[in-house]
Amino acid sequence: MPATLSCRYPEGGITVGHFARNHWYVAAWSSEVGDKPFGRRLLGEPIVLFRQSDNSVAALLDRCPHRLVPLSMGVCKEGRIQCLYHGMQFDGTGRCVHIPAQTAAERFGLVWLWMGDPALADASLLPAIDKYGAPGWAVMSDGYQHHPSSYLNIIENLMDPSHTTFLHANTIGNPLAEDKPVTTEKNDRYIVAYRWVENSDPTPHDRRRIDVGDIKVDRGQYFYFHLPAMSRVETIVIPAGTARTEENLSSKGMRTHSYKFLTPETDSATHFFWLHVRNYQVGNEQAAANLRAALEQTFAEDLQIELAMQRAQEETGLRQVVALEIDRAPSLAVRMLKRMIEAEADRQPAKETA
Amino acid sequence: MPATLSCRYPEGGITVGHFARNHWYVAAWSSEVGDKPFGRRLLGEPIVLFRQSDNSVAALLDRCPHRLVPLSMGVCKEGRIQCLYHGMQFDGTGRCVHIPAQTAAERFGLVWLWMGDPALADASLLPAIDKYGAPGWAVMSDGYQHHPSSYLNIIENLMDPSHTTFLHANTIGNPLAEDKPVTTEKNDRYIVAYRWVENSDPTPHDRRRIDVGDIKVDRGQYFYFHLPAMSRVETIVIPAGTARTEENLSSKGMRTHSYKFLTPETDSATHFFWLHVRNYQVGNEQAAANLRAALEQTFAEDLQIELAMQRAQEETGLRQVVALEIDRAPSLAVRMLKRMIEAEADRQPAKETA
Amino acid sequence: MPATLSCRYPEGGITVGHFARNHWYVAAWSSEVGDKPFGRRLLGEPIVLFRQSDNSVAALLDRCPHRLVPLSMGVCKEGRIQCLYHGMQFDGTGRCVHIPAQTAAERFGLVWLWMGDPALADASLLPAIDKYGAPGWAVMSDGYQHHPSSYLNIIENLMDPSHTTFLHANTIGNPLAEDKPVTTEKNDRYIVAYRWVENSDPTPHDRRRIDVGDIKVDRGQYFYFHLPAMSRVETIVIPAGTARTEENLSSKGMRTHSYKFLTPETDSATHFFWLHVRNYQVGNEQAAANLRAALEQTFAEDLQIELAMQRAQEETGLRQVVALEIDRAPSLAVRMLKRMIEAEADRQPAKETA
C-alpha cells in the first residue's frame, strides 16, 4: 500500500494575502465606470471607482470611514462620491477624511490601478499592446470572466501549450496532437515559451477563422508571461516555408495577439480581463462574433479545470504531486513572481501599502 | 500614503453571545402561534412556542432532550407538544423531562418571552404603548422583517435622525435636508434625541399622509431608545405656531408613535417587529395600506445599509472609523446597553440562565 | 432554573475522520459505472470508478497526480482513464504514476470497495443476501439517497423500531402504536433487536401490500446491524397462530428482507444504498412501484430527522441528552462499532491506509 502522497513541488512559498503591489493592475473596463460608483474587490481590498468632474477615474477604498458602509452603494455628485447613508462626500483624493486613495489610469479601454506606493506610480510602466489600433488590425475587447481560482493556477494554465490538445479538443485544440517540445526564454520582465510546428495541415480552428484552402502551413505559438500578472499569446499561421520576416508574418500570415490581464480578487479568485488584436477578418462582424464565442468557450473550459484544482489544493494543501517536462515554463513563471513579491517586501512592508 | 486606518470608536465591549436577559423580548406575533408549534431562534437559542389547553402560550427550548430533534417539527396534542420522532410529549413547563422552560406573556398582539431568571419575570415590566387602542387612534401592527445584522447596528440607525435625508430621500426623508441639531436626554431606562423644526413647508411624506394644504408647519421628532432593545419614534406635524399642549398636539397635530421591538436572533441577526399608532386617517384602509408600504420600503432601505455594515464589521473587526457629532445619541445608547449587560452579568453568570 | 443540560450519553468516542477501513463498502450501483468515469466521495476520500477492458471495475484516488484535477472529469479510453487536462492516462492499478488504487468487487448489482489494507481484502468477506435471486422471491434494487448526516445517526435510526409509530404514521407505521418491548441479541459480527406482536389486526401498510382479508395476524420484526455499516430488517406477517417454521414463514407469510448499505461520505454525510427481497407480489410491476414509493417516502421522513439531529449535534457537541429504554439496541450498535474501529487502529495506523 502506498504511503500518503508527498508534495514534490511546493507552492513556491507565496504567502496568503501577499501580492506584488507596485504595479499596474486592471481594475475595470472603462465602459464599466459611468455615472454611478463601481465597486470591485482587488488584491483582497474593496475598491470603489468613479469619474471626477474632468471625466478621469478616481479610486478609493470602498468604505465610508464613518460607519464602513460601501461608498459604491452611493451616488456620484459633481465629480464627488456621496455615501448613501449620511451623505458624506469625498473627492477623488479622499479629501476631508483622509480615506486612502489609489492611483488610477486609463489605457486600451481599461482602467488600471496602482495598488502600491503612490510615489512609485509611473504611467510609463503601463504595458504596451503591439498593433493595438494599427491599420489592418482589429481589436476585440471588453472581455471579462470571474474565475474563482488563484491567479497562480491561471498563470500556469496560460503558460502551458500542451493542454490544448486535450482540454480544448473541441474549441481551439488541434486533434492531431502534435507533440512538439517548446523552447523557453526569459529576462527580467517576462518569460516566453514558444514552438513552431512546420509543414502541417491547418487545424479545424484555423479553418473556422479563414478559408485556408488546401495547403500546408507553418504554425507558431508564443506564450508570454509578463510580471506580475499579464499573459500575451501570439499565434501565427503562415503558408509552409514562408520566410519569417516581420513583413511576411503580417502580410502573409494569420496573426493573433491575445492578452489576458489577471487581477487577483483574493488569494483564491481572479478577475480575468481579456482582449486581443488580429490581422484577419477585419471589419467582419459575424466572424468576430464567432471568434469571441469560441474564445469564451475555451476560457470556460479552463475555468472548470482551475476551479477543480482550487478545490483540491484547498483540501490537500498541495499544488502538484508529480512534475512533468511540460511544467517547465509554468513553474518558472510562478518562481519569478515569488521572487518579485519577496523583493518588493524587502523594500517596504507590503501591509503598509494597504 | 496613510497607514492602516485605526479604530476611533471601539464596539463598546459587548462580548459575543452576551445579551441582557432579564427583560421581556418579543418572540412572535400572537397570530403566528396557532395550531402548530412555532420555532424561532432568540438570543442565540432555539425556542419553540405553542398554545396550551387554556390557549396561553408556552415556550420551551426547541430540542427534544432525547435525541435533540427540534420539537417545532412535532405537533400539538391537547395543549402539549409531541416530538415528531418518538412521540415524547411535554407540557408547557417542560414537565417529565425537566426541559428548561421560558416564561411567556401576551400583550399588544405580541408574544413576549422573559429570557433570563424566571424568578425575576414580572408582567409589570412589560412596556406600555401610549395611545394603543385609545379612541381616535388607529393601530398598524403585525410588522416583521428579518434583519441579518447585529441589533446594535439597528439601534444606532433608529437613534440617528440625520440619515433620513439621504438614505430615505424617496420615502420618509425630507429633500430640504433641514440640518437642525438634536437635543439628547436620558434617564435610567431610556434615552431620547429630539428636535423641532419650526415654520417650514410640509414634506412630500407629510402630503402623502394627509391633505396638509398650503400652510407652514412645525415638525417635532422624538427618537427614544428603551433598554434593552425597544425603539419608539414619535413624530408630530402641526400648524406653525400652535402651542404644544398635549391637547393641541392630539387635536390639531398629525401624530405617529412608531415602535420597533428588536429581538436578537444571534449576535449578527435580528428579529425586527414593528407596530405603530396614529391619530390620522383612522379607518381609512387605503391610506393605511399606502402608509404600510412606505414604511416597509423605508425599513428595507435601512436593512441594506445594516447588512453592508455587518459585512464590513465582520471583515475589519471595526464598527466605525471616524465619529461625528451625529453619533452622540446612537453611541450613548450602545454604551448604556453595555453597562446594563455588565451589571446583569455581575449579579449572576449569564451562561447559567441559558 | 435548570442548569445547562449535561450529556448523559457521550458520542462513544469515535474520532472525527476515523472509519473502519478493512471492510467492504458499497461504492456504487453497477449500473452507475458505465462508459464514463464515475466520481464519489467515500470515507472522506474522493474516489473515481471506471470499467477496464475486461469490464471489471477499477477504483483510483480521484486526483490526477500531476495537477490534482479530478480524474472523474476525464474520459475512459480502452479500459484506461484519461485526465481531461493534459491527457495523462492511468490503468486500473494506477500504473505509471503509482497513484494509490483501491480494491473493487461487484455483487448484487453493487460495486464494493475495500477501503483498507489491500492485503486483507477477501471476497469471502462480502455480505450474503439471503433469498437474493431465489425462486419465488423478487428483488427491488438500485435504491440510493444522499443523507447529509452521520452514519451513526442512521445506524441508530435503523436499530430503533419504536419511532415508526410516530415518524412513519402515514407510511409504514402502525397507528395502533403497539408498544411491545424488543429483545436484543448480539455476537461478534452483528446485533439484532426483534419482537413478535401476536394476534393483532393487519396494519394499513400490510393491507396496501396484499389483500390480507379479515383475519388476525402475528407480526415479526428483526432489526439487524452488521458491522461496520449494514442494516438488515426482516419482517414477517403470518396468520395468527401459525407455527413459525422456516417452511411456513415463506409459504404462508408475507416476508421482506430489507438491506441498507451505509457508506460514509464524510463524518457528517452518508451514501444510503438500499435493496430488498420479498416473497409477495412477485412479478407485479404496479405493486412494486407502489412499494418503492412508500419506502422512499419513509426514508425521506427519516432523512429530515437525521438532518435536524446532525445540525443540533454540531451546534451542541452532544448526541443525546436523556437515554431511554428504547435506546438499548442503537447504543449497543454504536459501541460495537467504536470497539471495531479502535481494534483496527491498534493493528495499524488508520492514517497510513489512506
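Trainee: Which residues is C:S149 in contact with, leaving aside its neighbours within four places in sequence?
Mentor: They are C:I154, C:S268, C:A269, C:T270, C:E306, C:L307 and C:Q310, where contact means heavy atoms within 4.5 Å. This is a predicted model, so local features need pLDDT of at least 70, side-chain atom pairs count only at pLDDT 80 or more, and totals for chains, interfaces and linings use all residues. Residues are numbered from 1 along each chain as its sequence is written, chains are lettered from A and ligands numbered from 1 in the order written, and side-chain values use heavy atoms, leaving out hydrogens and water.

Trainee: Is C:S149 buried or exposed?
Mentor: Buried, at 1% relative accessibility; the cut-offs are under 20% relative accessible area for buried and over 50% for exposed, with partly exposed in between (1.4 Å probe, protein chains only).

Trainee: Which side chain does its side chain make a polar contact with?
Mentor: That of C:Q310, at 3.4 Å. A polar contact is a pair of N or O atoms within 3.5 Å; within protein, one must be able to donate a hydrogen and the other to accept it, and residues adjacent in sequence count only if both atoms are side-chain atoms.

Trainee: And where is C:S149 found?
Mentor: In the loop between β10 and α1 of chain C. Helices (H or I, at least four residues) and strands (E, at least two) are DSSP runs, numbered from the N terminus.

Trainee: Switching to the sheet, what's the strand order?
Mentor: β10-β16-β15-β14-β13-β12-β11 in chain C, an open sheet with antiparallel pairing; strands pair if DSSP finds at least two bridges between them.
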